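Dear colleague,

Please find below the structure that I am handing over to you. After it I set out what was found, arranged by topic.

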Amino acid sequence: MVAMNPPTDQDRGVRRDIRGLAEPDAEAPKVARVEGGTATFDAADLSPRQVNLELRRLIYDEGVREVTVENPGAKHSLAVGLLARCRITIDGSLGYFGATLGDGPEIHITGRVGWSVAENMMSGVVVIDKNAGSLTGAAMRGGDLVVRGHVGARTGIDQKGGTIVVGGNAGSMTGFMMQRGRQIICGDVGPGMGDSMYDGAIYVGGSVATLGVDCIEAELTPDDEELLDRKLGIYRMDRPDTFRKFVCGKQLYNYDNLEPSERKLVL
Amino acid sequence: MCGIAGIIHTDGPGDVGAEMTKMLQSMKHRGPDSAGYALYGEPSELVVMRFKLADPNETSDFDYTERLERNRREVESRLSKIGATVDRVEGESAYAYRATFRYEGELKPLADYVEDIPGCEVLSLGHSLEIVKDLGDAQTVADQYRLDRFRGTHAIGHVRMATESDVDIAGAHPYWAYPFSDVAVVHNGQLTNYHQWRRRLERNGHRFQSECDSEIIAVYLAERLADGTSLETAMKQSLEDLDGVFTYLVVTEDSLGMAKDAMAAKPLVLHEGEDLVALASEESAIRAVLPHEIDSYDPYESEVLVWSR
């Protein structure tokens with residue numbers, strides 16, 4: 001068990017500055033074809049950083065409100081950190097961390113995405129037409145994240161707000177440690193669902209393999225029905241006939257109880 | 001972190017050497033320490049043995065060259081002594097070799113006898129399997145061993161970021177499932193009951209060439225296969241027996257399989273086409289060989305899948 005040197009920037013062929021920012025000298029490639037308020041560009045030969053710089057140039061500097069990115073080629077970290085109202089279409093698939101850290105944009109991905117899509121999204125809409133990997137919508141705080149296909153494990157881990165809608169099935173530990181927000185899963189869910197969740201609700205249209213620690217079933221209210229109809233209606237998704245609702249059992253809420261050692265101190 | 005990749009053509013041989021290089025090279029950022037291939041060519045009457053006599057980062061002393069030459073001749077002579085008819089022994093690099101020979105007997109005594117030579121490690125043995133691994137990225141290894149022209153039906157590969165053991169060939173994947181013909185494994189993850197399994201398997205007479213936890217999977221599966229268990233059953237059993245986080249790929253003479261642990265902690269993207277199945281830690285690796293729009297998904301926790309050529 002020998003500790004190894006981490007790979008150097010030279011190994012990766014990417015230069016980084018002292019903060020760890022890749023390609024610090026990169027500039028927006030200015031390759032987009034702009035027509036009126038819309039723009040299109042091909043990402044095949046661009047690095048992730050160049051794609052993001054081009055998007056920012058178009059949205060912040062040029063005031064373009066609709067951008068289409070062609071040939072994303074499953075690159076990682078595309079369309080991240082966009083903090084403006086705009087509409088982006090990714091014509092293809094993304095790798096890891098796609099459409100993360102957004103505040104405002106509506107992003108439509110026509111292909112598949114890898115792990116951690118829309119992680120830490122503050123607001124906006126992300127729609128994925130095919131499948132998604134694990135950690136979908138991790139630590140999301142607001143907005144709608146819609147996956148029309150299946151998702152991997154740990155969907156909405158640490159979710160703090162917003163709504164995740166899944167048309168297909170979800171893997172294990174879905175909603176692990178979620179703190180607020182909603183998940184609507186039309187298909188089946190794997191083992192350990194809602195494990196250690198603090199709050200929020202998970203709606204499931206199919207079967208649940210097993211529930212995680214302190215996740216319990218709750219009664220579906222008319223308000224819940226209205227929410228399900230509305231959200232699935234907006235994104236034109238088939239609504240399963242019945243839904244079940246799962247919430248936190250709050251048996252692990254021990255925040256006000258002192259540890260034995262602390263109790264001694266107080267006394 | 002490590003990156004793993006697998007490809008199997010179900011409609012006859014393809015350029016698996018060049019394809020695997022493209023897949024691995026696109027995942028270079030996941031592990032720049034070493035790269036390895038397990039390639040399956042046309043099955044041959046002869047046994048193909050890949051072996052090495054030294055490590056590239058070993059300091060060469062005054063009689064390094066002579067010693068390697070002496071040991072190479074010793075390998076040849078031991079092969080003859082144990083009953084193999086040697087066809088040829090070719091040097092693939094300064095320290096790695098490829099031997100072909102006719103042999104009908106048990107592989108274990110042969111491997112043990114050859115590996116008894118100081119510094120010698122059998123990298124692979126079989127009628128179709130060839131394992132090539134060395135330090136550096138995939139393109140470096142492919143150039144060094146001329147893998148771009150390798151044709152075959154299926155292959156797996158690995159780029160390594162060493163976390164659990166040294167950066168050397170012994171610690172590089174894929175691992176041959178000693179002493180079982182034509183089986184190899186690549187793994188992404190960490191196994192926490194490594195020492196337990198290593199002791200158990202050593203008591204059963206298996207040898208380990210490295211300190212790397214991944215070697216357990218190969219030897220574990222080999223032992224199950226030798227008992228007559230099917231590959232798929234052995235892999236399902238491994239989900240119970242192996243502890244830790246893992247996604248691993250295994251290849252045999254005619255099939256390729258994947259297994260994912262109960263927590264689905266390590267990534268794998270899978271594309272099942274009509275005449276090609278490709279899977280890798282990242283979708284970009286699959287895109288390297290299939291640039292057009294494809295359907296792909298992440299296999300779920302505790303999933304075991306096997307494809308045949």
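**Where the two chains meet**

In this predicted model, 26 residues of chain A are in contact with 25 residues of chain B. On the chain B side, the largest share comes from helix 8 (residues 283–289), which supplies three residues.

**Chain A in outline**

Chain A contains four helices and twelve strands. Its C-alpha atoms fill a box of roughly 60 × 50 × 35 Å along the principal axes. Of its 267 residues, 45% are buried. Among the contacts in chain A with a separation of 6 or more, 24% are between residues 24 or more positions apart.

Two residues of chain A deserve a look for their backbone angles. S77(A) has a positive phi, near 55°, although it is a residue other than glycine. S77(A) belongs to the loop between strand 3 (66–70) and strand 4 (87–91) of chain A. Is S77(A) buried or exposed? It has 20 other C-beta atoms within 10 Å, and therefore counts as buried, since the cut-off for a buried residue is 20 or more.

D158(A) also has a positive phi in a residue other than glycine, near 65°. This residue is in the loop between strand 7 (144–147) and strand 8 (160–166) of chain A. D158(A) has 18 C-beta neighbours inside 10 Å, so it counts as partly exposed.

**A sheet in chain B**

Six strands of chain B form an open sheet, in the order 7-2-8-1-14-13, with antiparallel pairing. Its edges are strand 7 (129–135) and strand 13 (269–272) of chain B, each of which pairs on one side only. On average, neighbouring strands of this sheet are turned by 5° against each other, direction ignored. As background, strands of a sheet pair through backbone hydrogen bonds, either parallel or antiparallel.

**Helix 6 of chain B**

Helix 6 of chain B runs over residues 215–226, twelve residues in total. From its first C-alpha to its last it reaches 17 Å, close to the 16 Å expected at 1.5 Å a residue. Why is this helix described as largely enclosed by the rest of the structure? Ten of the twelve residues of helix 6 of chain B are buried, and the description follows from that. Those buried residues include I216(B), V219(B), L221(B) and A222(B).

Which elements do the buried residues of helix 6 of chain B pack against? They pack against strand 9 (175–176), strand 10 (184–191), helix 5 (194–203), helix 7 (231–241) and strand 11 (244–251) of chain B. After helix 6 of chain B comes G228(B), which has a positive phi near 95°.

**The loops around strand 9 of chain B**

The loop between strand 9 and strand 10 of chain B holds V183(B). With 27 other C-beta atoms within 10 Å, V183(B) is buried. Leaving out residues up to four places away in sequence, V183(B) touches A177(B), L221(B), A222(B), L225(B), V250(B) and T252(B).

P179(B) lies in the loop between strand 9 and strand 10 of chain B, and a cis peptide bond joins Y178(B) to P179(B), with omega about -5°. Another cis peptide bond joins H173(B) to P174(B), with omega about -10°. P174(B) is in the loop between strand 8 (154–160) and strand 9 of chain B.

**The nonpolar cores**

The largest nonpolar core has 89 residues. Those touching the most other members are A5(B), A177(B), A184(B), V185(B), A218(B), L221(B) and A280(B). Helix 6 of chain B gives the most to this core, namely seven residues. Apart from its neighbours within four places in sequence, A5(B) is in contact with M20(B), M23(B), L24(B), M27(B), I156(B), G157(B), A280(B) and A285(B). There is also a second, separate core of 69 residues, which includes A74(A), M140(A), M197(A) and L232(A).

Yours sincerely

Key. Residues are numbered from 1 along each chain as its sequence is written. Chains are lettered from A and ligands numbered from 1 in the order in which they are written. This is a predicted model: local features need pLDDT of at least 70, side-chain atom pairs count only at pLDDT 80 or more; totals for chains, interfaces and linings use all residues. Two residues are in contact if their C-beta atoms, placed from the backbone, lie within 7 Å. Two strands pair if DSSP finds at least two bridges between them. Axes are lines fitted to C-alpha atoms, for helices over the stretch in contact, and angles run from 0 to 180 degrees between N-to-C directions. The expected span of a helix is 1.5 Å times one less than its number of residues. A nonpolar core is a set of buried Ala, Val, Leu, Ile, Met, Phe, Trp, Tyr and Cys residues joined through C-beta atoms within 7 Å.
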